[in-house]
Amino acid sequence: MNRHTPALALAAVLVCSTLAACGGGSGSSTTATASTAPAITTQPATVSVALGASATLAVVASGDDLTYQWYKAGVALAGATSASYTIAATVAADQSTYYVIVTNSKGTATSETVSLNVTSLNPNAPSYPAVGLANAFTATLADAQKTVATSESSTSTVLFPYNRSNVITWSGQAGGHRGLRLDASVLTADQLTAANALVNGALSASGAKLLSEVRAADDVLNANYPNAGWGSGLYWLSIVGTPVTDGPWMLQVNGHNISYNITYNGLYDSATPMFAGAEPTDWTSGGVAHAPLEAQRQAVANLATALQSDAGTAASARLNGTFTDILMGAGANGDINYGLLSYPSANRGVLYSSLSDAQKAYVKAVIEAWVRTQRDNLANTLLPVYEDDTALANTYVGFAPGASGTADFSANPNGSASPLATKNSYLRIDGPRVWIEFAVVPGTANPNQVAYRTVWRDKVADYGGSFGPGAAK
């Protein structure tokens, strides 16, 4: 659909509500010949909108059998032949001067020249460019697809009110998701292109690749173990709240084995909770090797190896018990324990300050492997907080051994002779705010192979800090 739509129904700011009220439109005459020349009774007004929002210019004219032609910087706009001219989703190039010429058989009337100002978002703000991309995506949707949902489980719309029950509605399991499905069976080609632009624009290249690889893994899983809840088409997009630069809203992408919950303009800008899993952990297709969580696995493997290479450090960092899964994930019914999560006060591992310089560097690399899935302008607001000297001085690192007796995060475990030797291997980072877990678990589809389950949380700023711990900034 052309994003420049001269239809009154799309107008966000209309001076008139019907063609009759505007003096008629092309072909609206009830007489063959106009009796009076056109006269403009209400001039267009200068409009200022945020990048990606809709904008409407409108004129009111008197006279019979009126036709209209809008001009941008003196050049006639194709198709802009109504009393109003609407741009459904503005881009920077739409900022210009505009006027309209109204014509009938008795003469013409030219409006005043007005400006359309498109307010660019701050490219360093965490919400850039998500606000503009979100508005551009919703502009492609039918009314029903952007009607604000009355149920947190709706799958017919992308928009949900910004409240606690809606932000915690996500799951790292198959089924139970909501929003609009990122699939051609639900979205048109134009809608899907705009949706993917929004998702990819909110993430870094590594974050977008992680999503793509997790979805590809779901296709592999479904091909070998058919299940109604697995497949790359079973991932959903939700917008919780209104995408603006000065109020809280959340972008959520959720499906089996991934959930991005990115909150903008809350008490804190936040990318958590973020869940990511991989099953299978690795495979080869068409000669190309795939491993969705490879960047995270490699960072964890480096740190685990460094911790276990020194007997004293290994003894301090080793956690009591066996870990068969992550502790702080969501269940099938959503993140229902949010606000009730009890982070450990004991059995936390070794303090960062006790580590060697090389081990400290590996700790930072683990943190960055998760945080850098986000676009730089958001990641760069979080990393200085997590890696502040005071924060790191109060950050713990812990691991638990797997079936082989060591915390083993070897590459391509499912291609080894004994893939289950790595199961129950576990590592976590536990800081004043940052919490990251990586667990090797038996596969859901094939218990004879292993899968990965990970979560990144922020003890203060999950969901922007709006609905629980850290809400009183």
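A contact here means that heavy atoms lie within 4.5 Å, and among contacts in the chain between residues at least 6 apart in sequence, 67% join residues at least 24 apart. This is a predicted model, in which local features need pLDDT of at least 70 and side-chain atom pairs count only at pLDDT 80 or more, while totals for chains, interfaces and linings use all residues. Residues are numbered from 1 along each chain as its sequence is written, and side-chain values use heavy atoms, with hydrogens and water left out.

**Overall build**
- The chain holds 9 helices and 24 strands, which are DSSP runs (helices H or I, at least four residues; strands E, at least two) numbered from the N terminus.
- Of its 473 residues, 52% count as buried, a word that means under 20% relative accessible area, whereas exposed means over 50% and partly exposed in between, with a 1.4 Å probe and protein chains only.

**Salt bridges**
- The count comes to 9 salt bridges, each a side-chain nitrogen of Lys or Arg within 4 Å of a carboxyl oxygen of Asp or Glu.
- Arg 348 and Asp 430 are joined in one of them, at 2.8 Å from N to O; Arg 348 lies in the loop between helix H6 (311-317) and strand E20 (350-351) and Asp 430 in strand E22 (residues 426-430), so the pair ties together parts that are 82 residues apart in sequence.
- Both Arg 348 and Asp 430 are buried.
- Another salt bridge links Arg 372 with Asp 376 at 3.2 Å, N to O; Arg 372 is partly exposed at 31% relative accessibility, and Asp 376 is partly exposed at 45%.
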